[in-house]
Structure formats: structure tokens, C-alpha cells
Amino acid sequence: MSDKETELPLAGFTVAITAARRREELINLLQRRGARTVEAPAIRIIATGDDTELLAVTRACVADPPDVVVATTGIGFRGWMEAADGWDLGEQLRARFGSAELLTRGPKAKGAVRAAGLAETWSPDSESTDEVLRHLLAEGVTGRRIAVQQHGEPLPDFCTALREAGAHVVEIPVYRWVPAEDIRPLRRLVEQIASGQVDCVTFTSAPAVASLLTTARQMGRDEALVGGLRGAVLAACVGPVTAAPLQRLGIPVVQPERARLGALVRTVVEELPQRRSRRVQAGEHALELRGHSVFVDGTQVQLTALQAGVLAALVEQAGRVVTRTELLRAVWPEASRDEHAVEMTVARLRTALGAAGTVVETVVKRGYRLAAPVSQPLAGSVQEV
């Protein structure tokens with residue numbers, strides 16, 4: 001394993017970040033491992049601490065205490081307690097919760113509950129809302145009053161299942177997700193995914209996934225987006241709730257065992273080089289393709305998406321002549337018959353490769369191929385210009 005791989009395992013790869021919260025932390029973690037990052041915030045969080053609806057349900061929980069409280073997120077539960085303190089209801093609310101069954105969806109919610117001076121009754125190992133629901137239904141909820149702290153969007157399936165089982169459900173809208181103020185970066189990301197200009201997209205919330213899909217649909221590019229994510233672009237999600245909307249579309253997803261930013265980055269480090277790198281010997285040079293970069297004898301060379309696509313196509317067919325028509329079909333995102341575009345891209349690729357540009361050989365009247373290792377000469381009329 002080279003020093004580059006151990007110290008900068010994501011060198012050469014481009015990773016897109018859709019996160020709203022802790023975006024800078026995620027960017028820093030990825031860049032420290034060598035990744036080039038693209039920011040495209042998909043959502044923003046709006047606190048509802050001054051919302052009359054939250055005030056009303058908080059008063060209702062004080063006046064008619066719940067039998068069960070479900071805390072789904074740390075930020076949401078903390079926000080609720082802070083809002084209640086601002087209305088001088090915090091002490092009473094915590095007193096009511098002290099005698100309730102308190103369920104937390106994951107460690108962050110558990111930490112927020114304990115920070116409020118409370119203790120959770122139960123928490124699932126999976127950090128899954130579905131497992132919380134199964135636990136409640138197994139206990140029996142008929143006639144029980146259950147307060148459900150929402151995590152940025154309604155939980156209709158969860159709450160409906162409880163109501164159908166006989167529970168009285170109080171939904172707690174602590175904060176909500178709304179589209180990003182500037183959606184231009186997200187629209188650019190749709191096109192970058194569709195054309196394979198990024199290697200990986202990270203998602204830290206289900207609403208971010210929904211926002212990206214909605215934006216693509218509004219652009220008329222939803223099929224192209226899904227095609228990109230089903231193809232070369234790796235989708236990395238922080239956990240199962242975030243991954244679910246993509247999986248329903250048949251998009252392969254990688255995710256860590258524990259829903260943490262650090263674990264998400266480690267998963268990207270483990271998966272991306274395996275999926276988006278290729279090593280080959282061409283002529284006298286060792287090439288390693290990593291995303292839209294190529295390492296020539298260990299030195300990184302940044303390529304454009306088209307240059308990287310042409311080189312990847314030649315590497316894939318190492319030793320075989322690839323015609324201009326084949327390159328057009330493989331590399332250019334839209335239908336094109338302009339073989340001159342291929343010739344220009346190949347010329348610029350050779351320039352970018354410098355002394356190693358000779359590894360891209362022109363076979364007269366046929367097309368291009370990657371030079372064989374020096375010990376394996378190829379027959380044919382070759383013109384290295």
C-alpha cells in the first residue's frame with residue numbers, strides 16, 4: 001500500500017455534500033483524507049421555538065401528561081426543552097416526563113434526554129424508528145397517550161400505526177426541513193451526478209434525499225439522476241432512515257453500522273477506492289485512475305470529466321483499439337456524432353499527462369488504444385501524435 005493510500009485514501013476523488021447541519025465538519029473530515037469536495041446544501045433547518053403549534057402541544061403535555069414519550073433526535077429534543085424553558089414550562093414538562101416511559105431512537109437522542117436530567121427507558125440497537133414502533137406495538141398501546149417528537153418532517157406511517165392500534169398520539173413539531181435558500185448548487189449537483197462528474201454523494205438525512213429527488217424531477221432530470229446513482233456514482237448514507245428513499249428506487253447504498261459522521265467517512269474511505277479506482281501499466285508508466293484524477297508513477301494529474309472518461313474507456317479495453325464512435329457512446333453524456341470532439345479531448349488528455357501522454361496511441365484510420373507495457377508490444381500501425 002502506497003503512502004498516498006494510507007495518508008490520503010480519497011486523493012483524486014470528488015465527494016458531494018448535501019448536509020445542512022455539521023456540513024463544515026463533514027467537509028473537513030473528507031478533505032483531510034484527500035477528497036475534493038462539492039457543496040450542495042439540499043435543505044435548511046427552521047426552528048419552530050416560537051411556533052404557536054409547539055407551544056400548544058407543550059401545554060397539552062403539561063396539562064395531560066403522556067404515558068410514553070418518543071425522542072427521535074438529539075437536536076429536536078434539546079430544541080423542545082429549550083423552547084419549553086423559554087415559555088417557563090420546562091420544569092413542569094420534565095417533571096411530567098419523569099413518570100413517563102421514555103424511548104430514544106438513538107444515542108444522540110439518548111444524550112439529549114440525559115442532558116435534560118431524565119433517563120431513557122429503552123433504546124433500539126438499530127437506531128431505527130421501525131424498531132421503536134415494533135417495540136411499542138408489542139407492549140400494547142391501546143388507550144395510551146404517546147408524544148412523538150418529529151425529526152424535521154412528519155412521521156405519518158409511524159403515527160398512523162400507533163393510532164390504528166388504539167393509541168392517542170400527540171405529534172411534536174420541534175423543527176422542520178425546508179429547501180435551501182439557494183438551490184443553484186443543488187441543481188448543478190443533479191447534472192454532475194447525471195454526467196458522472198462526482199464520484200460519491202453523501203446524505204445525512206432523509207429530507208436531503210427527498211429534496212435532491214424533487215429538484216431533479218422539477219428539472220426533468222429525475223431519470224438521469226437515478227441512472228447516475230445506480231451507476232458509477234456512489235451513494236453514501238449515514239443510516240437506514242436516510243437510505244430508505246434511495247433504496248426504494250433501486251439505488252445501491254453504502255452506510256456505516258452506526259449513524260455517525262466519522263463512521264460515514266470511514267465507509268466512504270473503505271468503499272470508494274474499491275469502486276472507482278483502477279491500476280494498469282501502460283508503456284513505461286504506472287497509471288492509477290481515481291475518480292477524475294490519474295496518478296502517473298505516483299504523481300497526481302487532475303483531468304476533466306471528459307478526459308477521465310476517455311482514459312477510463314481505454315483502460316477498460318486495454319490493448320484493444322477503441323474507435324471514435326465507441327468513445328462517443330461511452331463518454332459523452334448526450335448523443336453526439338462529432339468525432340472532432342474525441343480528437344480534441346484526446347489531444348488535451350495527452351497534454352495533461354505530460355511525458356506520459358505517449359501511452360495514448362493513435363491507430364491510423366481505426367481509433368485509439370492504451371499502450372501495452374514495454375514487455376508486451378502491440379502490432380499495428382501506431383501514430384503517437
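Leu349 is in contact with Leu303, Gln307, Val310, Leu311 and Val360, leaving aside neighbours within four places in sequence. The model is predicted, and in it Leu349 belongs to helix 16. With a relative accessible area of 0%, Leu349 is buried. The protein as a whole has 385 residues, of which 50% count as buried, and its secondary structure consists of 16 helices and 18 strands.

- Helix 14 covers residues 305-316 and helix 16 covers residues 339-353; their axes come within 9 Å.
- The two axes cross at roughly 90°, and angles of 65 to 115 degrees count as roughly perpendicular, so helix 14 and helix 16 are roughly perpendicular to each other.
- From helix 14, the residues in the contact are Leu306, Gln307, Val310 and Leu311.
- From helix 16, Thr345, Val346, Arg348, Leu349 and Ala352 take part.
- By residue class, this contact between helix 14 and helix 16 divides into six nonpolar, two polar and one charged.
- Gln307, Val310 and Leu311 of helix 14 are also among the residues listed as touching Leu349.
- Trp80 lies 269 residues from Leu349 in sequence, and the C-alpha atoms of Leu349 and Trp80 are 56 Å apart in space.

**Overall dimensions and contacts**

- The C-alpha trace of the protein spans about 90 × 40 × 35 Å along its principal axes.
- Taking contacts between residues at least 6 apart in sequence, 60% join residues at least 24 apart.

**Val190 in helix 9**

- Val190 sits in helix 9, which comprises residues 184-194.
- Its relative accessibility is 0%, so Val190 counts as buried.
- Beyond residues up to four places away in sequence, Val190 touches Leu212, Thr215, Ala216, Met219, Arg221 and Leu225.
- Leu212, Thr215, Ala216 and Met219, which touch Val190, fall within the 206-219 range of helix 10.
- Val190 and Ala236 are 46 residues apart along the chain, with their C-alpha atoms separated by 16 Å.

**Ser211 in helix 10**

- Ser211 is located in helix 10, residues 206-219.
- At 14% relative accessibility, under the 20% limit, Ser211 counts as buried.
- Its contacts, not counting residues up to four places away in sequence, are with Ala42, Ile43 and Leu186.
- Leu186, a contact of Ser211, falls within the 184-194 range of helix 9.

**Glu39 in strand 2**

- Strand 2 runs over residues 36-39 and contains Glu39.
- Glu39 has 39% relative accessibility and therefore counts as partly exposed.
- Residues touching Glu39 are Ile17, Arg23, Glu24, Ile27 and Pro185, not counting those up to four places away in sequence.
- With Arg23, Glu39 makes a polar contact between side chains at 3.2 Å.
- Thr52 is 13 residues from Glu39 in sequence, and the C-alpha to C-alpha distance between Glu39 and Thr52 is 34 Å.

**Cysteines**

- The count of disulfides comes to zero.
- The sulfur of Cys61 has its closest cysteine sulfur in Cys159, 13 Å away; a disulfide needs the sulfur atoms within 2.5 Å, so this pair is too far apart for a bond.
- Cys200 is likewise in no disulfide, and the nearest cysteine sulfur to that of Cys200 belongs to Cys237, 9.3 Å away.
- Cys61 is buried, with a relative accessible area of 1%.
- Cys200 is buried too, with a relative accessible area of 0%.

- Asp88 has phi near 60°, a positive value in a residue other than glycine.
- Asp88 is placed in the loop between helix 4 (74-86) and helix 5 (90-97).
- The relative accessibility of Asp88 is 67%; exposed means over 50%, so Asp88 counts as exposed.
- Asp297 also has a positive phi, near 50°, and is a residue other than glycine.
- At 45% relative accessibility, Asp297 counts as partly exposed.

Terms used: Residues numbered from 1 in each chain as written. Predicted model: local features only at pLDDT ≥ 70, side-chain atom pairs only at ≥ 80, totals over all residues. Heavy atoms only, no water. Axes fitted to C-alpha atoms, helices over the stretch in contact; angles between N-to-C directions. Helix = DSSP H or I, 4+ residues; strand = E, 2+ residues; numbered from the N terminus. Parallel < 35°, antiparallel > 145°, perpendicular 65-115°, else oblique. Contact = heavy atoms within 4.5 Å. Nonpolar A, V, L, I, M, F, W, Y, C, P; charged D, E, K, R; others polar. Buried < 20%, exposed > 50% of the residue type's maximum accessible area, 1.4 Å probe, protein only. Polar contact = N/O pair within 3.5 Å; in protein donor to acceptor, adjacent residues only side chain to side chain.
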